[in-house]
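Here is a walk through one protein model.

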Amino acid sequence: MAATRKNLMQSHQSWTDDLPLCQLCGVGIAPNCVYGPDGKGTQSHPNEDTHLRFRSEDGCSLYAVFNGYDGSRVASFASQCLTAELLLGQLSADHTDDADIRRILTQAFEAVEKSYLHTIDDALAEKANLSGYMLPHSEKVQERLKELEQEVSGGATAIVALILNNKLYIANAGTNRALLCKTTSDGQNQFFQLGRPHSTDNDDELQRLAALGLDSTRVRQAGQIAGQSSTRRLGDYRVKINYNDIDLLSAAKTRPIIAEPEIHGSQSLESVTGFLLLMSEGLIDALECAHGPEHVNKEIVAMVAAELAQQTTLEAAAQSVVDRVKRLHHDVYTSGRQRATFCSRHEDMTLLIRTLNYPLADGAQTPTQGGRIYPVSVPYSNSQSTSKTSVTLSLVMPSQGTLTNGTNTTASTLEEGTPTPGGNPSPTATLQSTNTQTQSSSSSSGDGSLFRQRASQAAQPDETGRVPPYVDFTQFYRLWGSEHGDGQVAQGAQ
């Protein structure tokens, strides 16, 4: 019987094998990590996140990030089943009515939920039967109950993006996040958060739960329901079938934790230049723990824009952003600073980038001859006060291009106005933001002063053909001089 259930869950894999992957999309991932006292990290469980990125022959593009927990079974099942529910003839360019498309998206989530719970029906029945045996249970029964619990436990949250007829639809169930970034005519990146997470601090969700008879104040104070902060999720039979056995949910008149998505859209993508970001809860939490929740969206958008200006593939850009967040999180932990206590661990991280007429770098970006720019944020403090700020320096490393007669043949310049990483205002970037209840927006711009070409200072290759790294300390010395009343700006050193 167990083999039959396993085959049923795996049968979805063949449904989507022939669908083409979207080439306008890149995904970066990082597994969970727990840091020891020495700062070294270890993975505590297999990666439970999954994603999808398909373009059908009917002109429909589907993207999603699933944040699994207590195993990857639900996330993996949902990624296969949801694709089959939407891209095997259900949607095409003939669908132009927004209400009809939103209905199809909602029904797809319902079908995934029903299909998954059906796959564990037999296991739940066997578990209930064995649990009714007279106590104490034999060792064999205990072992079987443990196996069954592992088979049926777990759930997933989902953020889904559908692009059809040049319109964007977002379907969200849980605590993942979607950001739409548009590049304006003056070079600014204006971004919007599409929807709010379904969590225990979402006022709308608390009102929904209160209408079912739950104590919303108690739910908010608890922060989690059966180990998760999400109030909408796929799978997780404990809060769907056995919710009356959970003290926090026992007063509910009907099932309180649901899989129904909240749909946003349509959002026209006509003449839009920019990118769409889908992020798992683990990525968001890691950056919030490291820097606080105030500027997470700004920081992510700035990082993505910077990597798109440097990397030549979307996969490399997405992975570089995830790697950067992972390093920031680790560095805060090892620094011993105030937020270090929040950064002892992070969950699986996934970032999906879908570009919208947004150009990638043609090659390595350089202000000299074949180098690559790495913006570096350096802490700076005034010796005469306790105030602190940071200075962004441009570190240019030699590229790996081919050398001809001692000269690197790969040379290009980074366009002015490329945003620099980091959510806080710096000497090279200004950020403004506005917020509403269900959608937040912000714009960023940079003067590009640290990225202008310095051809006159280009270092010559040594006898090995290598160009020494160059660090421009001009901004640092300018701040130092202003703080100490020195009108002269010292020159950067090579």
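The model is predicted. Begin with an open sheet of three strands. The strand order is β3-β2-β13, and the pairing is antiparallel. Two strands form the edges: β3, at residues 41–42, and β13, at residues 345–346. Each of these edge strands pairs on one side only.

Now look at β2, which covers residues 33–35. Strand β2 runs antiparallel to β3, and two bridges join them.

Helix α11, residues 314–335, lies across β2 and β13. The angle between α11 and β2 is about 20 degrees.

Turn next to helix α10, residues 296–310. Its 15 residues reach 21 Å from the first C-alpha to the last. That is close to the 21 Å expected at 1.5 Å a residue. How many residues of α10 are buried? The count is 15 of the 15, so α10 is largely enclosed by the rest of the structure. Buried here means under 20% relative accessible area.

Finally, step back to the whole protein. There are 12 helices and 21 strands. Of the 494 residues, 48% count as buried. The accessible surface comes to about 23200 Å². Carbon and sulfur atoms account for 48% of that surface. Contacts across the sequence complete the picture. Take those between residues at least 6 apart in sequence: 70% of them join residues at least 24 apart.

Methods
Residues are numbered from 1 along each chain as its sequence is written. This is a predicted model: local features need pLDDT of at least 70, side-chain atom pairs count only at pLDDT 80 or more; totals for chains, interfaces and linings use all residues. Side-chain values use heavy atoms; hydrogens and water are left out. Helices (H or I, at least four residues) and strands (E, at least two) are DSSP runs, numbered from the N terminus. Buried means under 20% relative accessible area, exposed over 50%, partly exposed in between (1.4 Å probe, protein chains only). Contact means heavy atoms within 4.5 Å. Accessible areas come from the Shrake-Rupley method with a 1.4 Å probe; for residues, only the protein chains shown count as cover. Two strands pair if DSSP finds at least two bridges between them. Axes are lines fitted to C-alpha atoms, for helices over the stretch in contact, and angles run from 0 to 180 degrees between N-to-C directions. The expected span of a helix is 1.5 Å times one less than its number of residues.
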